[in-house]
Amino acid sequence: VYADYCPECKVGVVIEVNAETDFVAKNDKFVDFVKKATKVIMEQNPADVETLMNCKMGDETVDQALKELILVIKENIKVRRFTRYEGVCSAYVHGGGTHGILVNFETTNGIEAKDEFVAYGKDIAMQVAAANPSYVDEASVPAEVVAKEKEIMLVQMSQDPKNANKPEAVKQKMIEGKIKKFFKENCLVDQEFVKDGDLTVAQYTAKVAKDLGGEIKIVKFARFVKGEGLEKRADDFASEVASMVK
């Protein structure tokens, strides 16, 4: 997994390219291909992986470059997914490519050019890597997700002898408290800031914005974990490789 941001063109990309072994993932030719593919996504803005494959990378297409790489490295390599954001971003790669994070911000007064903002952006990207939020804020949590959580909480209460006979109003109050806890754990801005537990991410953001004399809003983020969801398909992957070899 790789992530990069171009401050001049204000475009950020996070990408996952899968090989069969970690050994290959450290190969210079493989790394070079991933970086070049990232640049292509930045500059040509393909809609999806299929479109990316037909984009030009130098004199050839990404698809041709990938096929040549597979011939040299002798392992199946696949561009799995990417996310591209326009605007002020922070890109962060953790653990030599185990996690790739891209966070998109809205800023005012040109504060994104300041070193302090760049450091702040990295902090937020690291927060996303470490604390794995599902949403930016409460407003971005779909109503059906909140309803589902409440439903689960009610069932849990009815099964708990201590709470089952409590009045409805008391149960609702308890659920409100639990939902607040759900937001605090799952919404980026409500989470405790990993570098300073006395602040939430929202409070840290407000503090940095005030110090820099502008405004900062966290708009969205993408968090890629290497091989996420692929483990279950290991057999399919092996048979797919076998069929390609045949």
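1. Cysteine 89 first. In this predicted model, cysteine 89 is buried, with a relative accessible area of 5%. Buried here means under 20%, so 5% puts cysteine 89 in that class.

2. Another cysteine to look at is cysteine 187. Its relative accessible area is 0%, so cysteine 187 is buried as well.

3. Now the disulfide. Searching the whole structure turns up one, and the partners are cysteine 6 and cysteine 9, with 2.2 Å between their sulfur atoms. The torsion about that S-S bond is about 140°, which means the disulfide of cysteine 6 and cysteine 9 is right-handed. Cysteine 89 is in no disulfide, and the nearest cysteine sulfur to it belongs to cysteine 9, 10 Å away.

4. Cysteine 9 comes out at 44%, so it counts as partly exposed.

5. On to the rings. The structure has six aromatic pairs. One of them joins phenylalanine 105 and phenylalanine 117: the ring centres are 5.4 Å apart and the planes stand at 80°, so this pair is edge-to-face. Phenylalanine 105 belongs to strand β7 (residues 99-107) and phenylalanine 117 to helix α5 (residues 115-131), so the pair links distant parts of the chain, 12 residues apart. Phenylalanine 105 counts as buried at 3% relative accessibility, and phenylalanine 117 counts as buried, also at 3%.

6. Which geometry do phenylalanine 193 and tyrosine 204 adopt? Their rings are stacked, at 4.1 Å centre to centre with 10° between the planes. Phenylalanine 193 sits in strand β8 (residues 192-193) and tyrosine 204 in helix α9 (residues 201-212), so this pair ties together parts 11 residues apart in sequence. As for accessibility, phenylalanine 193 is buried at a relative accessible area of 5%, and tyrosine 204 is buried at 13%.

7. Ring pairs connect Phe105, Phe117, Tyr120, Phe193 and Tyr204 into a cluster. That cluster includes the residues of the edge-to-face pair, phenylalanine 105 and phenylalanine 117, along with those of the stacked pair, phenylalanine 193 and tyrosine 204.

8. Which residue lies over the face of phenylalanine 224? Arginine 81 does, at 4.0 Å from the ring centre.

How values were computed: Residues are numbered from 1 along each chain as its sequence is written. This is a predicted model: local features need pLDDT of at least 70, side-chain atom pairs count only at pLDDT 80 or more; totals for chains, interfaces and linings use all residues. Side-chain values use heavy atoms; hydrogens and water are left out. A disulfide is a pair of cysteine sulfur atoms within 2.5 Å. Buried means under 20% relative accessible area, exposed over 50%, partly exposed in between (1.4 Å probe, protein chains only). Rings of Phe, Tyr and Trp (its six-membered ring) pair if their centres lie within 6.5 Å; planes under 30 degrees apart count as stacked, over 60 as edge-to-face and the rest as tilted. Helices (H or I, at least four residues) and strands (E, at least two) are DSSP runs, numbered from the N terminus. A charge sits over a ring if NZ of Lys or CZ of Arg is within 6 Å of the ring centre and within 35 degrees of the ring normal.
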